[in-house]
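Morning, everyone. I'll walk through one model, from the overall picture down to single residues. Please have the viewer open.

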Amino acid sequence: MATEILMPALSPTMEEGTLSKWLVKEGDTVSSGDIMAEIETDKATMEFEAVDEGTIGKILVAEGTEGVKVNTAIAVLLEEGESADDIDTAPSAPEAAPAADAGNEAAPAASEAPAPAPSAPQTDTTPDWPEGTTLKQQTVREALRDGMAEEMRRDENVFLMGEEVAEYQGAYKISQGMLDEFGTKRVIDTPITEHGFAGIATGAAFGGLRPIVEFMTFNFAMQAIDQIINSAAKTLYMSGGQMGCPMVFRGPNGAAARVAAQHSQDYAVWYMQIPGLKVAMPYSASDYKGLMKTAIRDPNPVIFLENEILYGRSFDVPDLDDYTVPFGKARVWREGSDVTLVSFGIGMQYALEAADKLAEDGISAEVIDLRTLRPMDTGSIIKSVMKTNRCVTVEEGWPQGSVGNYITSVIMQEAFDYLDAPVINCTGKDVPMPYAANLEKLALVTTDEVIAAVKQVTYS
Amino acid sequence: MAPRKSTKKPNVSAEELKAYYRDMLLIRRFEEKAGQLYGMGLIGGFCHLYIGQEAVVVGLEAAAEEGDKRITSYRDHGHMLACGMDPNGVMAELTGREGGYSKGKGGSMHMFSKEKHFYGGHGIVGAQVPLGAGLAFSDKYKGNDRVTFTYFGDGAANQGQVYESYNMAELWMLPVIFVIENNQYAMGTSTKRSTMSPSYWERGAAYGIPGEEVDGMDVLAVKEAGQKAVAHCRAGKGPYILEIKTYRYRGHSMSDPAKYRTREEVQKMRDERDPIEQVRSLLLTGKHASEDDLKAIDKEIKDIVNESAEFAKTSPEPAVEELWTDIYATEVPQEA
């Protein structure tokens, strides 16, 4: 059967091209791989190779012809025993490019694709632990270690790797005692090579293990961000659901004290933007423990953003055998009626201090700790704003494209009519972190700034 | 050290030789068909063909056992066919259809098969190298004797993460074979223009990793080298490097006019070193197969490839709901 040779698309964007030169003539035999013609695309002159073998029966488009549409028949290839006389010489109209068709169909279809429903303010307000539970005081550092160790006892596929996690007992002593309990197989010191070990851990997760990767700080995770985003976060989707990546990337994030620009950055919003990742950024010790246990059990890659300043701080932690905190459930630390303060991580310290001081002035602030940023419990925020009609967000990160900006847009879309004042985002200043003690203090968000913002939105 | 050639009298049966011929021909014809479908606009975006490099994956798969893993870059169609993935599913992924291995959501560069232990298909040059070392880490952790074939090109061989992986793979004695498919061009940049140390396998010595150079146009040489590397890894001796000297006949991707090399250079390689022709000639001169036998194989392959193209054209586009699925797992997919 004679085969039409069609004008090929030779780049992702080519729709038509110039048939510059024929390198074969009628009657020539060709086999697959032989170069038949030169075709000028929108980008370059390309060689066009034969796919099938046969004899060139007829050339339908002469060389030098410009504007030849993709999929126009340009020649006819004869198989053994066929004659050129059998060919209908009228060049056929180009077959509509299937890809273009698909595009046209896809466009309206895409707009009909089910978008996630706007989250109605249905919120889970059950307490984190049953009434009457015994509480013990524990530092964030101890709570984190306990959370990891409990999960490692529970599942032998969980292991910890990172710089100085084993023999040194952790650069910030988070993994203290873990080498002794779990041994060198499961608590693994790495060379200083974030890109490489983040990739190895991701591969190990593809292979069925549940790695916990400690970055000495998240500043160094920028060396590894390609593996976190392109490999860990996207592979489930790219594989049509075949490849899971159950793992945790954890470590201190944000400003510590006097370590200047390269060691003082809040990455919350960077990771919060990525579909495929989950992001936790806890404040209290009980949340560090409960969310860490949930993170390790989660079948997805989780970014767990800790804070060095909080490591030594003590909180009540429930004395329960298996205490977990679900993702996507905010915690209301303080109920109030005049304004909603929304924060997470160390930002909660400023929000809670501000609420205490505002109470002295007779302003009642509700304080919400998001605990996880992806998924984010926007329902709790909306529910609260519907009550208080005012909102101030608090975070350490930079102002442009902040977590607060996102929260503001959600409130505008879902509770616009309830707002009595613009939402204010209290953030770190729009500068690299300075070293000098006085300047560093100025660069961070402060309790006073939160109080001033609340006074502004409450017109007091 | 000269590239490893196959031993003079290959210890290989007629059946094995015919299987290599068949497997390499399947890749060659599949890729030609993919190029044609790209020309018709049925395949979009980037499409990197494997034509010319067939002996690399077919030779190494001959050295692999069930349960061994493999991972590679975006020039991945050959690896998938060689490890036994269904040509229909691969071609339908190229056309972005529901019947594709990733339900049409991955495309040419991102395909996977848990069943065949094929871990992708990765689009970022060099990123698959630590991932491959990590797959090997998981096998060592579990205490089995599986090995992971981690493929990358001469271009990726200059990425820093490759050397981070070498360092940790040897430090932790990971059962990983680093396979450098040196086709001499990183897109348009020849090895001569990108490094003063063009013997890539020798770089392993800096980390204590043994390796060797192999003639990648000779499937039997590749298989022999692969068996040696596999034995090294399975014995718990850590990683091994194979630098396989190969050649791609086509451009880097479908839109590469390949002006950085002469037509004569390509033609010479095709005429004198073609991996499929070499096996064909061995089969015929050794009277292991007749012209008719080979014609029958050609016909079988043509039918498989045509069927895959037909499947890839007729499989529907993914349902619009698929836009929102597979972003988060609710449970960890289990090893097949």
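The peptide bond between Arg374(A) and Pro375(A) is cis, with omega at about 0°. Keep in mind that this is a predicted model.

Now step back to chain A as a whole. It holds 13 helices and 22 strands. Along the principal axes, its C-alpha atoms fill a box of roughly 100 × 60 × 45 Å. As for burial, 49% of the 460 residues of chain A count as buried. Take the contacts in chain A with a separation of 6 or more: 75% of them come from residues 24 or more positions apart.

Next, the interface. How many residues of chain A are in contact with chain B? The count is 59 residues of chain A, against 58 residues of chain B. On the chain A side, five elements each supply at least two residues: strand E5 (45–49), helix H1 (98–112), helix H4 (194–206), helix H5 (225–233) and helix H6 (235–238). H4(A) gives the largest share, ten residues. By class, that side of chain A has 32 nonpolar, 24 polar and three charged residues.

Over to chain B. Here we have an open sheet of six strands, paired in parallel, in the order E2-E1-E3-E4-E8-E7. Strand E2 (118–121) and strand E7 (211–215) of chain B are the edges, each pairing on one side only. From one strand to the next, the twist averages 15°. Look at one pair inside that sheet. Strand E3 (residues 148–153) and strand E4 (residues 176–182) of chain B run parallel and are joined by six bridges. Within E4(B), Val176(B) stands opposite Thr148(B). Helix H5 (residues 128–142) of chain B lies across strand E1 (69–72), E2, E3 and E4 of chain B. Its angle to E3(B) is about 175°.

On to the nonpolar core. The largest one has 227 residues. Those with the most contacts inside it are Leu341(A), Val392(A), Val450(A), Val454(A) and Ile177(B). Helix H1 (residues 14–39) of chain B provides the largest share of this core, eleven residues. Zoom in on Val450(A). Leaving out residues up to four places away in sequence, Val450(A) touches Leu341(A), Tyr350(A), Ala351(A), Ala354(A), Val392(A), Val394(A) and Cys426(A).

Ala260(A) is not a glycine, yet has a positive phi of about 65°. Ala260(A) is in the loop between strand E13 (247–252) and helix H7 (268–272) of chain A. Arg371(A), also not a glycine, has a positive phi of about 65° too. Arg371(A) lies in the loop between strand E19 (365–369) and E20 of chain A.

Is Arg371(A) buried or exposed? The cut-off for buried is 20 or more other C-beta atoms within 10 Å. Arg371(A) has 27, so this residue is buried. Ala260(A) has 14 C-beta neighbours inside 10 Å, so Ala260(A) counts as partly exposed.

That's the tour. Over to you.

Notes:
Residues numbered from 1 in each chain as written. Chains lettered and ligands numbered in written order. Predicted model: local features only at pLDDT ≥ 70, side-chain atom pairs only at ≥ 80, totals over all residues. Contact = placed C-beta atoms within 7 Å. Helix = DSSP H or I, 4+ residues; strand = E, 2+ residues; numbered from the N terminus. Nonpolar A, V, L, I, M, F, W, Y, C, P; charged D, E, K, R; others polar. Buried ≥ 20, exposed ≤ 12 C-beta atoms within 10 Å, placed from the backbone. Pairing = 2+ DSSP bridges. Axes fitted to C-alpha atoms, helices over the stretch in contact; angles between N-to-C directions. Core = buried A, V, L, I, M, F, W, Y, C linked by C-beta atoms within 7 Å.
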